[in-house]
Amino acid sequence: MIQLSTINQQTVQQGETIELAAVVETALCVGAGGSSGSLADKPILKNSQGQLVIPASQVKGRLRHECEKLVRSLQWPVCKSPVATTMCPQRLGQSDTDFDLPSYRLREPIGQTHRDREPGYQPQTHCLICQLFGNPALPARLQFSDLVCTEPEENIPEVLRPGVSINRRRRTAEESKLYFLETSPANASLRFEGSIQLLPPWLLTEGEPIPFAKALILAGLQHIHALGGGKSTGLGWLHWQFPTADATDALEIPDSVWQWLGNAPKKSSTEPSTGTQTVGEDA
Ligand SMILES: [Zn+2]
């Protein structure tokens, strides 16, 4: 059971930062089509100081995808990204009733409007994923930095991997389709460091917000085993480290939060497609 008294203490949180490091065991290929200064057709991405980077957008995209899968498997209603019309709060084709949960009803930002004081006002509902990663109507609570390689540029030899395009129908190599991928060296255990900044939670129309963000982020990261291109050919395999975790216990997640995540509210109505119509009691 959720102990409300313990949860309330956790919610008085300001913005905080999760420091993280990806240790890439195999060669990494995070290419950028327009990069210059390399002989490769798909060169590796570097920042202006010449350091190898894994872009923030890629980490964010992968983490959102993994968190969506997790939350959906725990039976929480989740909207369908990345198309705006099927995401919160529009959710074309999905039942609004399913999403009308106390933890989804967000209060209007203070100082922006006073619509929530008007009679008949319906608060916008946003799923757990949108509350973290945002959507066209709601800013993201998570800010990702690029993951930057800690190894100095001069210590990293440029590695070109030849490849050929395969014609799937004829199952032969295509003529004149030899290409070169630039990757980081294999077995170098390159370390890429960055951070995820966590802004304070959205306020709910009633009750205190549950501090579920860190639990989801950490669980989602554990499902990202590889980044970049060529994952099926063994490129970009990695594991995560949390540099500040041991010292401060900053990543300690209270049991009550895991329990809350694992106890998604039961649906009040059945799907119309099941044939047997059951009308939900309350909306
Ligand atoms: Zn959503």
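Student: How many bridges join strand β1 to strand β7, and which way do they run?
Tutor: This is a predicted model, in which local features need pLDDT of at least 70, side-chain atom pairs count only at pLDDT 80 or more, and totals for chains, interfaces and linings use all residues. Residues are numbered from 1 along each chain as its sequence is written. Strand β1 (residues 16–24) and strand β7 (residues 190–198) run antiparallel and are joined by nine bridges; strands pair if DSSP finds at least two bridges between them, and helices (H or I, at least four residues) and strands (E, at least two) are DSSP runs, numbered from the N terminus.

Student: Which residue of β7 does Ala21 stand opposite?
Tutor: Ala21 stands opposite Glu193, and Glu193 is also the bridge partner of Val148, where strand β4 (residues 147–149) runs antiparallel to β7 with two bridges.

Student: OK, and what joins β3 to β7?
Tutor: Three bridges join β3 (residues 142–144) to β7, again antiparallel, and Leu142 has Leu198 as its bridge partner.

Student: Switching to helices, at what angle do α2 and α4 pack?
Tutor: Helix α2 (residues 56–73) and helix α4 (residues 213–221) pack at about 105°, their axes being 9 Å apart, where axes are lines fitted to C-alpha atoms over the stretch in contact and angles run from 0 to 180 degrees between N-to-C directions. The two helices are therefore roughly perpendicular, a term covering 65 to 115 degrees.

Note on methods. Angles under 35 degrees count as roughly parallel, over 145 as roughly antiparallel, 65 to 115 as roughly perpendicular and the rest as oblique.
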